[in-house]
Amino acid sequence: MTSSPSASPLQHHNHNHILSHNSSPSKTKLHSSLINGQETENGQEERQNPKRIKLSESTENLSHEAPMETELNQKIEPQIIAANNNVANQNPSANGNSASMSASNSSNSANRPTDNDDHPEIDEALYSRQLYVLGHEAMRRMQTSNILISGMGGLGVEIAKNVVLGGVKSVTIHDTENVTYEDLSTQFFLHENDIGKNRAVTTQSLLAELNTYVPVNVLDAKPLSVEHLKSFQVVVLTSSSTEEQLVFGKFCHENDIKFIVAETRGIFGQIFCDFGEKFEVVDVDGEQPLSAMISCITNDPQGIVTTLDEQRHGFEDGMYVTFSEVKGMSEVNEKEFQIKVYGPYTFGIGDTTSFGKYIRGGYVHQVKKPKIMKFKPIEEAVKAPETLISDFTKMEDSNTIHVAFHATYAFMKKHSRLPRPWCQQDSDEFISLARELNDADYKFELNDYVLRLFSSTLRGQISPMHAVIGGTAAQEIMKACSGKFTPIYQYFYFDCREILPEKPFESLNTSECLIEDNNEELRRYKAQIAVLGQKFQRKMGKSKYFIVGAGALGCEYLKNFAMMGMCTKAENGKLIITDMDTIEKSNLNRQFLFRSRDVRQSKSTVASAAALKMNPHINIEAQTNRVGPDTEHVYNDEFFESLDGVCNALDNIDARIYVDRRCVYYHKPLIESGTLGTKGNVQVVKPFLTESYSSTQDPPEKSIPICTLKNFPNAIEHTLQWARDTFEGVFTNPAAAALEYIRNPSVYIDRIMKLQGSQPLEELSHVYNAIVQDRPNSFEDCVKWARLHWQESYHNSIEQLLYNFPRDQLTSSGLPFWSGPKRCPHSLNFSTENPSHVEYVFTGANLKAEMYGIPQVRDRSQVVELVKKISVAEFRPKQGIKIHVNDSEAQNAMSSGSVDKDKLDDMISRLKSVSDLDQIKMSAIEFEKDDDTNLHMDFIVACSNLRAENYDITPADRHKSKLIAGRIIPAIATTTSLIVGLDCIELYKLIQGHDKIELFKSSFVNLALPFFGPAEPAPPKKSKYYENEFSLWDRFEVKGDMTLKEFIDYFKEKHSLEITMLSQGVVMLYSFFMDKKKLAERLNMSMSKVVETVSKKPIPSHVNALVLELCCNDTEGEDLEVPYVKYILPARK
């Protein structure tokens, strides 16, 4: 094991990936200019979570298609009760026809609570992360929508899984086919003992477990008829012929039923959407409306609006905006304007010559407009397909793939079977049929190579393709139900041909890719083998991989690994997954391997058990360790060197960077990905071929200035951050500091005294207040504290601020002080009749009581009575109080402010005089946003909205407050499914051993727009010393044990490099300017002895090599940039 990467005093950019431990606020690398539909200053989307941002069922039994054609228009007894005007108000299974429909969870639907408007009540604890993607109104629309999904192969179940998790009113599944071994490669709810059973019936109960609010019904295993469709708002076909698509599509279009076709054939997938003649998109992109502060509006024909130059306004030509709080030119307030953008800080609203003169202030807000889309019925769209491009390097192939899908049905009709895998004879005939079809109906220019790939793989199925197409199609269903986000118009084609061998027609053949049902070892993978062959299947089984994280991404990884046959016992493969977290209720909405019974259990343990049920042949080990410097004795040299690769499924940047650095050091491939709502990214890292995850970093996340938070807020985000800081400053940090003092007073004081400026006195005062001044003895004391804290926060401090800076204050330049981003506040007067005032005291008092182990009082009326007894002194502003106007003033005061030594000594003396430290009961309250009973969010909401009232800022409801104060990352199952599908497509390529960078894809997606942006990964940056080129993947490897002198001489003689400085971690081992006596001592020491002497600690026993960094001169005495050194220690006893 190497020593842990850490910050180095030598800043050489080329190996900062190994030696520095920089934190990064974000690593999304989402191309927001395309993903958001607007360009940001740096062309990147900033976000809190992760870096940068499929298809068909079994084909053996398609001989049933022919008889289905004769039954398409057969009039049969409707099996689902028809909905009134296509808006179902009943459970479709409630028609009493038990012979035609089986249902699960219908009682849950019937008992679902409703709000005052008779809408189903939304379980915010379950749907919290999804709500931040879709919003309450979209969720309510979804909860009135009944969905039919026909075809329960791998693609159908993937779509159904995501839709059930999403929370629609009901899902009905249908399938005429029985389970075969082909299904086991992709249908994760089917097992070998299900062979011969109906796919829909077998799948129903497991789908129903995903969400108790969504009934899952099964339509009889009869051919689908138009009569079946009447009760649904959305109909999805996942295994259908061209004739079926035309008949059902026509019926749906005529009856205003949203119609989706989703299908996969081998390495190709398609989606078709028809949402009717007048489909309203209520929110085209899901982005929050833009807003900006105004600095000027001109009186001229253009009406040029200039915004403050703190940040770009982000508006685009044609957008609509409204204004508020504009002084002088009041005519613009609350009026809507369409704008023309002139620059990043200017735009025009048209003629303002008749308006009053702009004086100051004001805000501009984007008005998002709904969009009406007209869809063509499939019978028209199929003839001239309009296609959403999934990969601009393949855009010319879309028409070829379009024809290929329809040629599949022509081949099937002619032969009652599908083309055999990698069979030249069948491919030749398939191409001939495709050309005949094209000549008759399309007249496109076709690509024979693509047609041959299509026919050679179409009998097969691969799980990652189902994840990509299934995740995307499920999002289209949600769009159809809710009107939220822009739908696909109208065709979407996707392929992953790069997963094949570079010369597929030489490497693969029919015998290699066909598996008989009596092959017990490989038969469950026969659909995947039809695409990639038996040898590749065994190679996947032999793989040894490490998945870091068992949350949403981790669950999807495990599903795909199980279906793909990764890391199997028979091939001595091994999959290790670790996650130290336990399952929470909010996880259940998107981490689909977990159920309500699993709450509070280990994520990795439960997820691994679920994956083993999907495929008992995988060899998986669940761990609960954190991956970081403190576990390097676990994840050591032996561990990493045994791996074939690593998959990150993490939710924070620091952990991602750490794992990336370990992979760079051990030369291991890494697949990195992340999601943010409908946005997602995938980055594949291959040693020596691509850059690493840490090679690029997003710009720092913009922080709120301290003075803005303390005195000059102008947005609800400011008041919420202030509330969060207040919570931690009152209920968390003082108790934590006091407990540290109580454990060892002298050690704590020694540490605090090393702080600069006024900080020691401030910190010690906080401790004194916590254990003496503000320490309550009863709940009455807690109420008194909360009432006085309210008074100080919302009345006294504001009065003092206005005393220092009166409303008519002018700046040195003669401009109003209270203008621009500075909103003039007003103080509040407490009233027990005001619910928000009472809420603050109620929550604050109870949290204070919890902090000191005092029994709480949850009766608000009792708290009100206690408040009425409290006398509050009248406040008079004080002279001489300094209020900082900007952060530089505040920082200077904090770091360089003079401290009265007598006051400091007095504070220390008072602390030491406290005699009952051992009797103090206290606990630091850690903020927890997802527990609705702990009063944390109740306090935050009250605290923030009272502050907003001070400054006339629009308050935020609990939902929005939780998002901002809780720093929640919006998430939805559809994006997670899609992204991990793309991850696993890159995994295929790594296992194939591809060494051409153009075969790999780093992808950026946004399902809301929708946008797909695969891109070639960036190669590693190259540097050079002498004629030796190197990148982050290169290093010097030196075997010890050498003395320091021998080490220096080795580089001079072997590499013509004169070492001028040498460091290990943060420790300087050698420099040319060292004291001669100290240098003489070290030169004859062994390298390991030098490290231990200088660092003053032994090298841990698990460390087998040291990472050393060099500064060197060449033979001419010029500085050179060189790789780092892996210094391999001699064997130790």
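A: Let's start with Ile-304. Leaving aside residues up to four places away in sequence, Ile-304 touches Cys-296, Ile-297, Thr-298, Tyr-342, Thr-346, Phe-347 and Gly-348. Keep in mind that you're looking at a predicted model. Ile-304 sits in strand β10, which covers residues 304–307.

Glu-325 isn't a glycine, but its phi is positive, near 60°. Is Glu-325 buried or partly exposed? With a relative accessible area of 37%, Glu-325 is partly exposed.

You'll find Ser-1056 in the loop between α35 and β30 (1058–1064). Its relative accessibility is 34%, so Ser-1056 also counts as partly exposed.

While we're in loops, have a look at two peptide bonds. The one from Tyr-489 to Gln-490 is cis, and its omega is near -25°. Gln-490 belongs to the loop between α14 (463–482) and β18 (491–495). The other cis bond runs from Gly-1040 to Asp-1041, with omega near 20°. Asp-1041 is in the loop that joins β29 (1036–1039) to α35 (1044–1055).

Now for some helices. In α18, which spans residues 534–542, the buried residues include Gln-534, Phe-536, Gln-537, Met-540 and Gly-541. These five cover an arc of only 160° around the axis, so they end up on the same side of α18. What do the buried residues of α18 pack against? Their partners are α16 (510–513), α17 (526–532), α19 (552–564) and α34 (973–992).

Another helix pair to look at is α25 (residues 745–752) with α26 (residues 759–773). Their axes come within 9 Å and cross at roughly 150°. Because of that angle, α25 is roughly antiparallel to α26. On the α25 side, the contact is made by Tyr-748, Ile-749 and Ile-752, while α26 brings in Pro-760, Glu-763, Leu-764 and Val-767. Sorted by class, this contact has six nonpolar residues, no polar ones and one charged one.

Last stop: the cysteines. How many disulfides turn up in a search of the whole structure? The search finds zero. Take Cys-1112 as a case: the closest cysteine sulfur to its own is in Cys-1111, 7.3 Å away, so that pair is too far apart for a bond. A disulfide here would need the two sulfur atoms within 2.5 Å. Cys-1112 is also buried, at 2% relative accessibility. Cys-252 counts as buried as well, with a relative accessibility of 0%.

How values were computed
Residues are numbered from 1 along each chain as its sequence is written. This is a predicted model: local features need pLDDT of at least 70, side-chain atom pairs count only at pLDDT 80 or more; totals for chains, interfaces and linings use all residues. Side-chain values use heavy atoms; hydrogens and water are left out. Helices (H or I, at least four residues) and strands (E, at least two) are DSSP runs, numbered from the N terminus. Buried means under 20% relative accessible area, exposed over 50%, partly exposed in between (1.4 Å probe, protein chains only). The arc is that of the directions from the helix axis to the C-beta atoms. Contact means heavy atoms within 4.5 Å. Axes are lines fitted to C-alpha atoms, for helices over the stretch in contact, and angles run from 0 to 180 degrees between N-to-C directions. Angles under 35 degrees count as roughly parallel, over 145 as roughly antiparallel, 65 to 115 as roughly perpendicular and the rest as oblique. Ala, Val, Leu, Ile, Met, Phe, Trp, Tyr, Cys and Pro count as nonpolar, Asp, Glu, Lys and Arg as charged, and the others, Gly among them, as polar.
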